[in-house]
Amino acid sequence: MILLFPINMNPENISFGLAHYWAQGDMISHGVAYTLLLMSIASWYYIMSKAWSSWRIRKSAVALEGFWKAPTLTDAIALLRNADKENVYTPLAAQGVEAALGSKDDARVNSLNKSTDRHELVTRTLRTEIQRVSARLEGGQTLLASVGSTAPFIGLFGTVWGIYHALGAVSIAGTAQIDKVVGPVGEALVMTALGLAVAIPAVLAYNAFTRINRLTLAELDGFAHDLQAYLTTGANAAR
């Protein structure tokens, strides 16, 4: 077997490690590392805050059953408000009741809502609240999707750039020894690993939050349907 490179594996000539790679890097490689760091910090901040918010939302969802067991609408909304720490379900009920029971002295007198049928007004109010909650739940999802899809390629770019400089240094040195190539190339490959380390948590969190949001919106839509039936016909469709 013919070796393309003369082998010189003297340990004194082998220099591995992130510190060596960082010291040998230029502005571009440092920029790639800082970009990955910022993406990781942003995604983990969102993951932690969203996880806390999602846990509180799922915990308060059980109050929807108790809503219909309350003796009056006032008691039902008060019960829901005490349990709904994230204020996701309460505005739907409060705004729906206000649209259905609003007096003639309210702001509707001088607006287009004055001539709107009560059933249509309640439907529009509930739909608006669902859209508001949906936009709130999906806020930040774009960040996770962007990090999950771009971080591996950013890390790969850092790897390619590092290998390019490693081979350039070997070419300038005029010797192509394995110990001169393996170290810098191995260090450059760390950038790909860092890109994956940033992307994988973002992708997993995106999938988890998407499922939680879908479940929450389904419950919210069902609650809105029952509330609309109660406010427009006087009968609780959930019973």
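The model is a predicted one. The protein chain holds eight helices and zero strands, so that its elements, read from the N terminus, follow the order α-α-α-α-α-α-α-α.

**The chain as a whole**

- The protein chain has 239 residues, and 36% of them count as buried.
- The accessible surface of the protein chain amounts to about 14100 Å², and carbon and sulfur atoms account for 65% of that surface.
- When contacts between residues at least 6 apart in sequence are considered, 79% of them join residues at least 24 apart.

**Helix 4 against helix 5**

- Helix 4 covers residues 73–83 and helix 5 covers residues 90–101; the axes of the two helices are 9 Å apart and meet at an angle of about 155°.
- Angles over 145 degrees count as roughly antiparallel, and helix 4 and helix 5 are therefore described as roughly antiparallel to each other.
- The crossing formed by helix 4 and helix 5 is left-handed.
- On the side of helix 4, the contact is made by L73, I77, L80 and R81; on the side of helix 5, T90, A93, A94, V97 and L101 take part.
- Sorted by class, the residues in this contact of helix 4 with helix 5 are seven nonpolar, one polar and one charged.

**The loop between helix 4 and helix 5**

- N87 is located in the loop that lies between helix 4 and helix 5.
- Most residues other than glycine have a negative phi.
- N87, although not a glycine, has a positive phi of about 55°.
- The relative accessible area of N87 is 41%, and N87 is therefore classed as partly exposed, the class between buried, under 20%, and exposed, over 50%.

**Helix 5 against helix 6**

- Helix 6 covers residues 118–138, and helix 5 packs with helix 6 at an angle of about 160°, the axes being 9 Å apart.
- Helix 5 and helix 6 are therefore also roughly antiparallel to each other.
- The crossing of helix 5 and helix 6 is right-handed.
- Helix 5 contributes P91, L92, Q95, G96, A99 and A100 to the contact, while helix 6 contributes R118, L121, V122, T125, L126, E129, I130 and R132.
- By class, this contact of helix 5 with helix 6 comprises eight nonpolar, three polar and three charged residues.

- Helix 8 spans residues 178–233, and L220 is one of the residues in it.
- L220 has a relative accessible area of 0% and is therefore buried.
- Not counting residues up to four places away in sequence, L220 touches V88, Y89, L92, I130 and V133. L92 also belongs to the helix 5 side of the contact between helix 5 and helix 6, and I130 to the helix 6 side.
- The C-alpha atoms of L220 and V133 are 9.0 Å apart in space, although the two residues are 87 residues apart in sequence.
- L227 is placed in helix 8 and, at 0% relative accessibility, counts as buried.
- With residues up to four places away in sequence not counted, L227 touches F67, W68, L92, A93 and L126.
- L227 and T123 are 104 residues apart in sequence, and 9.7 Å separates them in space, C-alpha to C-alpha.
- F209 lies in helix 8, and its relative accessibility of 5% places F209 in the buried class, for which the limit is under 20%.
- Apart from its neighbours within four places in sequence, F209 is in contact with Y46, I47, K50, A51, S54, Q141 and L144.
- F209 and Q141 are 68 residues apart in sequence and 8.1 Å apart in space, C-alpha to C-alpha.
- A188 is placed in helix 8 and counts as buried, at 0% relative accessibility.
- A188 and F157 are 31 residues apart in sequence, with 9.9 Å between their C-alpha atoms.

Technical notes
Residues numbered from 1 in each chain as written. Predicted model: local features only at pLDDT ≥ 70, side-chain atom pairs only at ≥ 80, totals over all residues. Heavy atoms only, no water. Helix = DSSP H or I, 4+ residues; strand = E, 2+ residues; numbered from the N terminus. Buried < 20%, exposed > 50% of the residue type's maximum accessible area, 1.4 Å probe, protein only. Contact = heavy atoms within 4.5 Å. Areas by Shrake-Rupley, 256 points an atom, 1.4 Å probe, with all protein chains shown as cover. Axes fitted to C-alpha atoms, helices over the stretch in contact; angles between N-to-C directions. Parallel < 35°, antiparallel > 145°, perpendicular 65-115°, else oblique. Left-handed = near helix turned anticlockwise from the far one by under 90°. Nonpolar A, V, L, I, M, F, W, Y, C, P; charged D, E, K, R; others polar.
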